[in-house]
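Please keep the structure in view while reading.

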Amino acid sequence: MLTVEGLRSRYGRIEVLHGLDLEVSSGEIVTVVGANGAGKTTLLKCLSGTQPVSDGSIVFRGESFATVPAHKRLKRGLAQSPEGRQIFTNLTVEENLRLGAFLFTDERVDRDMADAFAMFPILKEKRNLAAGGLSGGQQQMLAIARALMGRPHCLLLDEPSMGLAPLLVAQIFEVVKSLKERDVTVLLVEQNAYGALKIADRGYVMETGRITMTGAAPDLIADPRIREAYLGL
Ligand code: ATP
């Protein structure tokens, strides 16, 4: 579904991605784990088209994204739920969800909304309240639900567990795992390596702009280097 080859990106003169190769197949949950500052967010921004690529290629569902601007990437089926959630706090929960469906005018939007409410009953309860009044975990659920309203084939998730209490972290990871049943392919970027690898099929370890390890998620969890550096085990 998604093939990244030799991806380089820079902020001004400073290169922060030094030639990444990465592959996500249809139906997979793939995670990229790495410390703060490794370049995970920059990678996702390159994929969603909000950060310039200086070299390399991104191919999504057989199409090169080199000349596809950010706003058209969602139409092609690639959606991002950004770091820090970035929901519209002054709008209601329902309005936020409708914005996620801005590409569509058909009656399926109401069905998608019912689906989102079935997935996150708390959002249904609070559908008419301002999103800014939701707890951190609920805002994260809203951000994921909003991205799903765009009917993506592949969802990019940037640190969905960030800043959440452990119980909510577990709940969010369960939600991400359940996306598989909805035929949504997931690329999940996380500092919480253990939580992410537990639900992923495969993983990549990123260090200062390079992929340093890759493999099946259970193998990575069992790897002594990962256990020591990322899992604190
Ligand atoms: P985090 O978990 O903190 O988001 P990350 O792995 O996502 O970390 P990035 O945010 O992609 O890492 O940052 C990678 C590198 O690029 C870091 O050294 C960071 O300081 C730098 N960087 C990020 N954004 C900018 C920017 N707008 N201008 C200049 N440098 C930046």
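In this predicted model, a salt bridge joins the side chains of Asp115 and Arg182, with an N to O distance of 3.9 Å. That distance falls inside the limit of 4 Å applied to such pairs. Across the interface of domain 1 and domain 2, the rule finds 1 salt bridge.

On the side of domain 1 that touches domain 2, at least two residues each are supplied by helix H2 (70-75), strand S7 (154-158) and helix H7 (166-178). Helix H7 makes the greatest contribution to this side, namely 5 residues.

The domains themselves may now be placed along the chain. The assignment gives domain 1 as 25-51 + 67-77 + 152-232, and domain 2 as 88-150. In the contact, 16 residues come from domain 1 and 13 residues from domain 2. Taken over C-alpha atoms, the centres of domain 1 and domain 2 are separated by 22 Å. The size of an interface is often expressed as the accessible area that is lost when the parts come together. For domain 1 and domain 2, the area buried between them is about 1,300 Å², and 80% of it lies on carbon and sulfur atoms.

Around the ligand are 13 residues, of which Asn36, Gly37, Gly39, Thr41 and Thr42 come nearest. For Thr41, a polar backbone atom lies 2.7 Å from an oxygen atom of the ligand. Side chains also take part: an N or O atom in the side chain of Glu159 is 3.2 Å from a ligand oxygen atom, and for the side chain of Gln191 the corresponding distance is 3.1 Å.

Finally, the salt bridges may be considered over the whole structure, where a search finds 13. One of them is formed by Arg76 and Glu63, whose closest N and O atoms are 2.8 Å apart. Arg76 belongs to the loop between H2 and strand S6 (78-81), whereas Glu63 is in strand S5 (residues 63-64), so this pair ties together parts that are 13 residues apart in sequence.

Conventions:
Residues are numbered from 1 along each chain as its sequence is written. This is a predicted model: local features need pLDDT of at least 70, side-chain atom pairs count only at pLDDT 80 or more; totals for chains, interfaces and linings use all residues. Side-chain values use heavy atoms; hydrogens and water are left out. Domain bounds come from an automatic or database domain assignment. Contact means heavy atoms within 4.5 Å. Buried area is the accessible area (1.4 Å probe) that two parts lose on being put together, summed over both. Helices (H or I, at least four residues) and strands (E, at least two) are DSSP runs, numbered from the N terminus. A residue is near a molecule or strand if one of its heavy atoms lies within 4 Å of it. A polar contact is a pair of N or O atoms within 3.5 Å; within protein, one must be able to donate a hydrogen and the other to accept it, and residues adjacent in sequence count only if both atoms are side-chain atoms.
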